[in-house]
Amino acid sequence: MAESVDLNADLGEGFGAWELGDDEAMLGVVTSANVACGFHAGDPALLLRTCRQAAARGVRVGAQVSYRDLAGFGRRFIDVTPEDLTAEVIYQIGALQAIARAAGTTVAYVKPHGALYNTIVSHREQAAAVAAAVHGVDAGLPVLGLSSSVFFEEAGKRGLRTVAEAFADRAYQPDGTLVSRREPGAVLHDPVEIAERVVGMVTTRQTTAVDGSVIPVTVESVCVHGDSPGAVDIATAVREHLLAGGIQLSPFT
């Protein structure tokens, strides 16, 4: 049986008159769509349209939950209490579940966004709060994240399925975490270089960190960012290189 991997992207991240990315084009490339839930981006009409387009393309919809931070696009750490964070994640999942249902599909998984994603790699209280929220809504919902995170530990304690993802266009630290976007070289831009890197990740379960060291990566899903310059070209190159390498693309749910 050929090797298979999921390809996901963050979508539905515009707001009102402000457009971000080409969601329709990305939905022709990816197998899973991490749809914003209104807290860092996404207005109701956009989210409904995105879910309808995903349903028409047979693309799985995931709830892309975040800190309540529209102004900062969810990329700023917020010292929110665990109780508030759990409630806010429940709220976001519930909102997208209603929109997805109206669009003829369902929320199939949950993926934290931005600063929340990075924080719960090591911040146990917030990791537990997010895991508790997902479990409280639907214990059958898988969660996407980094394999070495305390979020996965907390999710595992609650019986949640964890799905390890790798990032196509982000640089890695030697410890397997992502290089901060504030650092030079944190985001990669060359489509062919990125695509070849992804194929290497999937086939060898390794990648090269910023210091030149080779580190292990667990890859069940590959994230290609929908808001990067040239995002569609990058995602298309990744898809084509994976298929050319005999790797099937299919959602993990």
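**Entry: V179.** I located V179 in the loop between β6 (162-167) and α7 (191-204), where helices (H or I, at least four residues) and strands (E, at least two) are DSSP runs numbered from the N terminus. I am working with a predicted model, in which local features need pLDDT of at least 70 and side-chain atom pairs count only at pLDDT 80 or more, while totals for chains, interfaces and linings use all residues. Residues are numbered from 1 along each chain as its sequence is written, and side-chain values use heavy atoms, with hydrogens and water left out.

Is V179 buried or exposed? I found a relative accessible area of 5%, so V179 counts as buried (buried is under 20% relative accessible area, exposed over 50%, partly exposed in between, with a 1.4 Å probe and protein chains only). Not counting residues up to four places away in sequence, V179 touches R170, A171, Y172, Q173, A186 and V210, a contact being heavy atoms within 4.5 Å. I also noted that V179 and V210, 31 residues apart in sequence, are 8.2 Å apart in space from C-alpha to C-alpha.

**Entry: pockets.** I used a 1 Å grid over the protein atoms alone, on which a pocket is an open set of points where a 1.4 Å probe fits, with protein on both sides within 12 Å along at least five of seven lines, and lining residues have an atom within 4 Å of a point. Grid points are joined across faces, edges and corners, and a volume is the space filled by probe spheres set on the points.

The largest pocket has a volume of about 530 Å³. Of its 25 lining residues, G114, A115, N118, R170 and R181 are the closest to its centre. I traced the largest share of this lining, 4 residues, to α4, and both β4 (107-112) and α4 (114-119) supply at least two residues. By class, I recorded 9 nonpolar, 7 polar and 9 charged residues in the lining of the largest pocket, with Ala, Val, Leu, Ile, Met, Phe, Trp, Tyr, Cys and Pro as nonpolar, Asp, Glu, Lys and Arg as charged, and the others, Gly among them, as polar.

The second largest pocket has a volume of about 270 Å³, and among its 15 lining residues E19, G21, D23, L46 and R49 lie nearest its centre. Here α2 gives the most, with 4 residues, and the lining divides into 4 nonpolar, 5 polar and 6 charged residues.

**Entry: cores.** I took a nonpolar core as a set of buried Ala, Val, Leu, Ile, Met, Phe, Trp, Tyr and Cys residues joined through side-chain atoms within 4.5 Å. The largest has 79 residues, and V224, V238 and L242 have the most contacts inside it. A second, separate core of 5 residues includes A108, L144, V163 and F252.

**Entry: cysteines.** I searched the whole structure and found 0 disulfides, a disulfide being a pair of cysteine sulfur atoms within 2.5 Å. For C37, the nearest cysteine sulfur is that of C51, 8.7 Å away. C37 is buried at 7% relative accessibility.

**Entry: α6.** In helix α6 (residues 150-157) I listed V150, F151, F152, E154 and A155 as buried. These residues pack against β4, α5 (124-137), β5 (143-145) and β6. Just after α6, G159 takes a positive phi of about 80°.
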